[in-house]
Amino acid sequence: MAMAISLKSSANAVLLSCIVILLSSSSGCEANGRVGGGSIGAGGHKRDPSEIVFNVLKFGAVPDGKKDNAIEFIRAWRAACDSPGKARLVIPAGNFIAGPIVFQGPCKGPPPITVQLIGNVKALPDMSSYSEDFWITFEKIDGLIVTGTGTIDGQGSLVWKYDDCKKGGSCSVLPANIKFNHVTNAIIRQFTSVDPMGFHIGIVLSQNVKVRRLHIRAPGDSPNTDGIHISQSSQVKIARSIIETGDDCIGIIQGSTDISIVKVTCGPGHGISVGSLGKYPDEKDVRGILVRNCTLKGTTNGLRIKTWGGSPPSLASDMTYENIIMENVKNPIIIDQSYGKANAPSKVKISDVRFTNVVGTTVSDVAVDLSCSQQVPCEGVELTNINLKNTGPEPLTSNCVNVRVKYAGMQFPPPCPK
């Protein structure tokens, strides 16, 4: 009887251990680095039970903070992307070092493919390892989710001394933390981007990209560390994110259309910028920009549109800024069409720009500075309910050059004289 009880207890113990393992694991059965199961995924969403999970550890990645895991990450991606079923690439808890990584499609399974970042990934701080302007890139993918509570750390403080772009002339752009190139139907959410060598996130030649709940941070004096840089892309929607960095919190350049920025907090940084535009020949037009319910704190610019003097012709139109809070911001509302050089007028035509319900404090005496091109003056600029106060003793003023402004509601600073 004692032996029977002992065997029964041992069996129960084994059964209990199995149950604990199954409940604590994010996966069910494993084979060759693949895991199937229907557990809860990132964000508390029920995971598709048919989804196969590819954990980078199963492909040889080691979270020891020393080994370069780029090849192992790429192998795990290749297996996930080539899988005929729904796939999820998982970077688990731990500190991973990695050099340049290209996650390339198209993928064979049904979209979207998911990348779940749980751990911390740090860039290899050896500049000789990078031949492109990115560290991690996703390209040629239709249907992508990048999510998780982990961190992408560019370790920029180790290489910012090599940035020479502020000296003028030609320069080498340091690698961005993440670049999305030729990506459609993507969701980017939750993770943190820290101290990139160059930009934090670049979105290029992409469509229908939703960015949610990111935390982007770098020191306010870090060079050229734009938060989110958008080029030749459409239907990009950025919301509920915090951006603290050393350059533009969000920069929108040529060929970008239907861009919305909602409930974003920016600062430190250089503000939310359209441009610079007109630096290169044959730039595509920018149109359909919405910035709403955003807060800017201690930025060197607020809402800025900037075009190069002497630029080739292009258009920037249909831009709406509404319900904006400024806290100790320099240059809260600014159009600068002599950016870069002023030896010739810009040929970028700016039209249909609306600033509505912009309130808060500024450290600049000129709170509204609209300096448009002599050759192609701004048209359709409207200011409605502007209420800005100076933190210093001087009265606030407005400056308007080559533009006629339509005013409505409260105006502080006072409107430009007609």
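The lining of the largest cavity consists of 13 nonpolar, no polar and no charged residues. Nonpolar here covers Ala, Val, Leu, Ile, Met, Phe, Trp, Tyr, Cys and Pro; Asp, Glu, Lys and Arg count as charged, and the others, Gly among them, as polar. The model is predicted: local features need pLDDT of at least 70 and side-chain atom pairs count only at pLDDT 80 or more, while totals for chains, interfaces and linings use all residues. Residues are numbered from 1 along each chain as its sequence is written, and side-chain values use heavy atoms, with hydrogens and water left out.

**Cavity**

A search of the whole structure finds 1 cavity of 30 Å³ or more. The largest cavity has a volume of about 100 Å³. Of its 13 lining residues, Ile91, Val115, Ile136, Phe138 and Ile152 are the closest to the centre. A cavity is a set of points on a 1 Å grid over the protein atoms alone where a 1.4 Å probe fits but cannot get out; lining residues have an atom within 4 Å of a point. Grid points are joined across faces, edges and corners, and the volume is the space filled by probe spheres set on the points.

Which strands each supply at least two residues of this lining? They are strand 7 (101-104), strand 8 (113-117) and strand 10 (134-147). Strand 10 gives the largest share, 3 residues.

**Overall fold**

The protein has 2 helices and 32 strands. These are DSSP runs numbered from the N terminus: helices are H or I with at least four residues, strands E with at least two. Buried residues make up 50% of the 418 residues. Buried means under 20% relative accessible area, exposed over 50%, and partly exposed in between (1.4 Å probe, protein chains only). Among contacts between residues at least 6 apart in sequence, 74% join residues at least 24 apart. Contact means heavy atoms within 4.5 Å.

**Helix 2**

Helix 2 (residues 70-82) has 13 residues and should span 18 Å at 1.5 Å a residue; its end C-alpha atoms are 18 Å apart, which agrees. The expected span is 1.5 Å times one less than the number of residues. In helix 2, Ala70, Glu72, Phe73, Ala76, Trp77, Ala80 and Cys81 are buried. They cover an arc of only 165° around the axis, so they sit on the same side of helix 2. The arc is that of the directions from the helix axis to the C-beta atoms.

**Backbone geometry**

| Site | Feature | Value |
|---|---|---|
| Gly105 to Pro106 | cis peptide bond, omega | near 0° |
| Gly275 to Ser276 | cis peptide bond, omega | near 15° |
| Gln155 | positive phi, residue other than glycine | near 50° |
| Asn385 | positive phi, residue other than glycine | near 55° |

Pro106 is in the loop between strand 7 and strand 8. Ser276 belongs to strand 23 (residues 272-277). Gln155 lies in the loop between strand 11 and strand 12 (176-189), and counts as buried at 18% relative accessibility. Asn385 is in strand 30 (residues 378-390). Asn385 has a relative accessible area of 30%, so it is partly exposed.

**Two single residues**

Thr151 is in strand 11 (residues 151-153). Is Thr151 buried or exposed? Its relative accessibility is 18%, so Thr151 counts as buried. Leaving out residues up to four places away in sequence, Thr151 touches Leu117, Gly119, Asn120, Val121, Thr192 and Val194.

Pro49 is in the loop between strand 2 (34-36) and strand 3 (52-55). Pro49 counts as exposed because its relative accessibility is 61%.

Methods
1 Å grid on protein atoms, 1.4 Å probe; cavity = no way out; pocket = protein on both sides within 12 Å on 5 of 7 lines; lining within 4 Å.
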